[in-house]
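This briefing is for a reader who is new to the structure shown below. Please look through the sequence and the model before reading the points.

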Number of protein chains: 2
Amino acid sequence: MSGLEEKTIRSRTIFDGKLIRVQLDEVELPDGRTSTREIVRHPGAVAVLAFTGEEKLILVRQYRNPLEKTTLEIPAGKLEPGEDPKACAFRELEEETGYRAEEMHPIVSFYTSPGFADEKVHLFEARGLTKGEMRPDTDEFVEVEELTLEEAYGKMKEGLICDAKTVAAVYIWHNRVLGGR
Amino acid sequence: MSGLEEKTIRSRTIFDGKLIRVQLDEVELPDGRTSTREIVRHPGAVAVLAFTGEEKLILVRQYRNPLEKTTLEIPAGKLEPGEDPKACAFRELEEETGYRAEEMHPIVSFYTSPGFADEKVHLFEARGLTKGEMRPDTDEFVEVEELTLEEAYGKMKEGLICDAKTVAAVYIWHNRVLGGR
């Protein structure tokens, strides 16, 4: 396996923003030659699979500047420094949707773009929901939407559900409906 | 829906690399206040769900510098300027695994990190495979591995299958095995 590894020779920070840090690294390849790697450092995030009493998936509609369009995504948000992912999942679900959960169960974690970024999303399933008040961040504008599985596939086809974590969440949901894991 | 939209006031390129371009934008929020957005521009990518004659999923083992570890991912690669995603899928599958496909069917496309990046992954299913020669890029070091569904879930649990597109692919595969879509 060591025959695939790269060694970082030099690392330079290009940009240090409020959300991401961008690095340009010089690496030694397994065959001894050198190359560069452009790397985006991100604090990581959580995302939450949460259902209403009618078995509808809870999503948030929001404008995504990098895509220049409005999307429907499962509730999610970035980790604060040192924050426990599970605590973050409880917090983000309530802030974005107003739903308070009793329990938060980890499903799976994944890196979103391993070719250039270290962002890791921790996906949870919320249980025991009660409806409270939305409290989004001051620069966050969101609307809550609730969909059946069939409707969710429709929104995927339309391109409104169009991000990796939500697409994965819909397939995970379908799996469970079908009796899978 | 327009009540959620942001307006870009100013856009500044911070870094223009060989893979990504980083922008710092000033935006007007729906309530009239201003904020900044850190945006990573990426050319987009393809990923391929491909199975051997024994119904095993074809994966590539590779070192991912941003994660500082070796991962198992479905064959994938970035789009060349102006390249058709389907053509790219045929090319990447063959370059990384040596398998040549007769047909390439679109499954779903998704943005990997809509909060800070515009990278879109086009996921295809390859059909009619024949084994040829691997021809990875000169700075790409990969090994091919073939897994059953049960083994794939095991590698997910171990954290070797740990990226969004491959995790989604495993659940999509399981869905099909269960008779879903």
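The model is predicted. Chain A is divided into domain 1, residues 7–41, and domain 2, residues 45–179.

- In chain A, three strands make an open sheet in the order 1-2-3, and their pairing is antiparallel.
- Strand 1 (7–16) and strand 3 (34–41) of chain A each have a single partner strand, so one side of each has no neighbour in the sheet.
- On average, neighbouring strands of this sheet are turned by 20° against each other, with direction ignored.
- Eight bridges pair strand 2 (residues 21–28) of chain A with strand 3 of chain A in the antiparallel sense.
- Opposite A:Asp25 stands A:Arg37, a residue of strand 3 of chain A.
- In general, strands of a sheet pair through backbone hydrogen bonds, in either a parallel or an antiparallel way.

**The two domains of chain A**

- The C-alpha centres of domain 1 and domain 2 of chain A are 30 Å apart.
- Contact between these domains involves six residues of domain 1 of chain A and five residues of domain 2 of chain A.
- About 410 Å² is buried between domain 1 and domain 2 of chain A, and carbon and sulfur atoms give 49% of that area.
- On the domain 1 side, A:Leu19, A:Val40 and A:Arg41 lose the most area to domain 2 of chain A, together 70% of what that side buries.
- Three residue pairs are in polar contact between domain 1 and domain 2 of chain A, counting pairs with both residues at pLDDT 80 or more.

**The salt bridge between the domains**

- The interface of domain 1 and domain 2 of chain A has one salt bridge.
- A:Arg41 forms a salt bridge with A:Asp118, and their closest N and O atoms are 3.2 Å apart.
- A:Arg41 belongs to strand 3 of chain A and A:Asp118 to the loop between strand 9 (103–111) and strand 10 (120–127) of chain A, so the pair ties together parts that are 77 residues apart in sequence.
- Over all chains, the whole structure has 32 salt bridges.
- Side chains of opposite charge can pair when their charged atoms come close.

**The contact between chain A and chain B**

- Each chain takes part in this contact, with 72 residues from chain A and 72 residues from chain B.
- Helix 3 (residues 164–177) of chain A gives eight residues, the largest share of the side of chain A that touches chain B.

**A sheet in chain B**

- Chain B has an open sheet of three strands in the order 6-5-12, with antiparallel pairing.
- Strand 6 (69–73) and strand 12 (142–147) of chain B are the edge strands, and each pairs on one side only.
- Neighbouring strands of this sheet are turned by 30° against each other on average, direction ignored.
- Strand 5 (residues 57–64) and strand 12 of chain B run antiparallel and are joined by six bridges.
- B:Val60 has B:Val144 in strand 12 of chain B as its bridge partner.
- Helix 3 (residues 164–177) of chain B packs on this sheet and touches strand 5, strand 6 and strand 12 of chain B.
- The direction of helix 3 of chain B makes about 165° with that of strand 5 of chain B.

Note on methods:
Residues numbered from 1 in each chain as written. Chains lettered and ligands numbered in written order. Heavy atoms only, no water. Pairing = 2+ DSSP bridges. Helix = DSSP H or I, 4+ residues; strand = E, 2+ residues; numbered from the N terminus. Axes fitted to C-alpha atoms, helices over the stretch in contact; angles between N-to-C directions. Domains from an automatic or database assignment. Contact = heavy atoms within 4.5 Å. Buried area = accessible area lost by both parts, 1.4 Å probe. Salt bridge = Lys/Arg side-chain N within 4 Å of Asp/Glu carboxyl O. Polar contact = N/O pair within 3.5 Å; in protein donor to acceptor, adjacent residues only side chain to side chain.
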